[in-house]
Amino acid sequence: MSSADTPKVQVPFALKIGMAICVLTGVLLGGCVLYFFQSTESIIIDQMRNRLRDIGQTGAYAFDRSMREKIIGLRERLLVATAPRHPATWPGEGEFEPQLEDAIAEEFHQDEDFLALVQLLRRIKAGSTPRITTDEELPQIFPDDNQPYIAFAYLMTPIPESPDYQVLMTIADSDFQTYDQNLNGVIEPEEEGNPAGSFYRIAEELFSQAIATGQSHTAQEWYTDQWGTFLSAGIPIFDTQNQVIAVMGLDLQVQSQANRLNELRRLSFVILAVGLIVSFLIALWLARVFSNPVRRIMRASLAVKDHDFSAKVELNNRDELGVLAWAFNQMVDELADYSHNLQGLVKDRTVELEAANETIRRINEDLTVENLRLGAEVKVARKLQMMVLPSQREMNLVRGLDIAGYMDPADEVGGDYYDVLMSDEGYAKLGIGDVCGHGLESGVVMLMVQTAVRTALYTGINKPETLYAVINRVIFRNLGRIQSDKSMTLSLIDYFADGRLVVTGQHEEMIVVRADGGVERIDTMELGLPIGIDEHIDDFVSSTQLRLRKNDILLLHTDGITEAENETGDQFTIERLVDLAHRNHDQSVGQIVRVIIDEVRGFMGKREVLDDLTLVVVKKKDNPSGMTGQWRFGKI
């Protein structure tokens, strides 16, 4: 779309506001309706569960001592009559499976104990009828005008073959007789009675929980079949030793409550739908009212875009939109004035730009000359810095050690430092350090430290802590004179003919790889403070000792090695450096330096070098004959 094209309105602002209000209203209204329905449903179900539990626990008290003895007797006789019991004959989940032949089952149905238990179950059912029933012998089917709320009552007992109580055996059922309940002349499977001795595989855990825990349990939800909607409960029956001998099952008829909840659910949906429609209409009306000022501003803006500076927004709102309309009108007036004076302004600005361009041209010429001068100075400084580093010839003169060093500054002048200084006896002092940052200023500080170390040694200051403190005072005062805030980590290492090393000052970890492959990491953080941060650091400077044996190597480095980053920002790390030193410790010092630097360069890939790279590798050779190991620094 070119700058001259006017974008088309895809979705009106009023519709967006209306939809947002509608969605918000729908969420709030839907949440309220859902909360109301779920709360009501929970209350109704809890009331029915409490009611069923009360009926069951009250009915359990009707099982007196004689009734419990009847349960125990019938249970023992049924266990004998149904033997053998094999899982292959057990029913599916939620189903009854008769285990006795009809003739044998009929004998149990004529038993006085069985009939007494059936009558007790029917009386418990009768206790939930609308009006009291006084008949001594209650029928299986109650009159239509006096139907009990407890639809089914039955007694079940565990069997030895099902220790988890998943399969139970029926002792007595209030509906043990087959009966054509729907009066269609056909006995359907659901209308068959539940005879004594039938097996039942429980569909809910409430019966097994009642037996296992000895407590009444009520189902959390109801179930629905062709006979209605029911809520079940399992009530344990105990013997005189307080052991569960059976569980009484009760199914409460809750069709009426279920119908009411369904009506409430439908009513909730209707309320929600009507509320959404009404809220949508109101939201659209409000959105149109609220967005009308925006449309006015939009029309005026399009007119100004077409250079019609007479366009104004007539809006009397005393709110943010009113202020916006006032500001828009003021801006249009200023644009009109500016447009009238534009040619004169352009001419004036052209003259000013020409003058500015001439000034910029002269500045560029001056900068070119200055850059050439600074470049020459930097090259001289870099040449000086590389000249003062110890040459390989100097490092080869150290008796008893093979030494190789490498330094590559991040800028043309770096701030890393290493040095090897020899006495006339062939002993050596090694130094390594890192000036914070890099560039010309860091290179100058590095040269100052190199000069200070050598000068102090010329004066005969050999004690490590004293030498370190003197160098710090010299550098601190020099930094103050040039008003520099630089500082420098520095470690000085005294090497003795017997392989002993004395390390003084704070720098990066030193890595020692023994001839047998063992690795030691020497932490120098507690051996001093960085050079140049304070004039008096004598109390903080200390030394530590270690010993090199034949073919042991000592690796010194600056953080440019370990903190080198690859193209994804990962660092090289001290762990990689230790691993490389360990894997190549049997190589010459020059080969070790080349392997490590090549590995660092390969790790970095095309990533720019962000810090100076400095590495020194020292390997112990045989002790030169005639050396006493006593330090006496002479000519450097």
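Hi everyone, this is a short walk through one predicted protein model.

Some ground rules before we look around. Residues are numbered from 1 along each chain as its sequence is written, and side-chain values use heavy atoms, with hydrogens and water left out. Since this is a predicted model, local features need pLDDT of at least 70 and side-chain atom pairs count only at pLDDT 80 or more, while totals for chains, interfaces and linings use all residues.

On confidence: pLDDT is the predictor's own confidence in each residue, from 0 to 100. The protein chain averages 82, and 85% of the residues score at least 70. Residues 626-636 fall below 50, although that stretch has 38 contacts in the model beyond near neighbours in sequence; a contact means heavy atoms within 4.5 Å.

Now the overall picture. The chain has 14 helices and 18 strands, taken as DSSP runs (H or I, at least four residues, for helices; E, at least two, for strands) and numbered from the N terminus. Of its 636 residues, 43% are buried, with buried meaning under 20% relative accessible area, exposed over 50%, and partly exposed in between (1.4 Å probe, protein chains only).

Let's visit strand β8, residues 244-253. It is largely enclosed by the rest of the structure, because 8 of its 10 residues are buried. On pairing, which requires at least two DSSP bridges between two strands, β8 runs antiparallel to β2 (residues 150-158) with 6 bridges, and A153 sits opposite L250. Strand β7 (residues 228-238) also pairs with β8 in the antiparallel sense, over 9 bridges, and I237 has A246 as its bridge partner. In the β7-β8 hairpin, with 5 residues between the strands, N242 takes a positive phi near 65°.

I237 comes up again in the largest nonpolar core, where I237, I71 and M248 are among the members that touch the most others, out of 56 residues. Such a core is a set of buried Ala, Val, Leu, Ile, Met, Phe, Trp, Tyr and Cys residues joined through side-chain atoms within 4.5 Å. Leaving aside neighbours within four places in sequence, I71 contacts residues including F63, I237 and A246. A second, separate core of 48 residues includes M407 and V541.

Last stop, helix α3, residues 102-110: A105, F108 and H109 are buried there. The face turned away from that buried side carries exposed A103, E107 and Q110. Cover for the buried residues includes α2 (65-81) and α4 (112-126).
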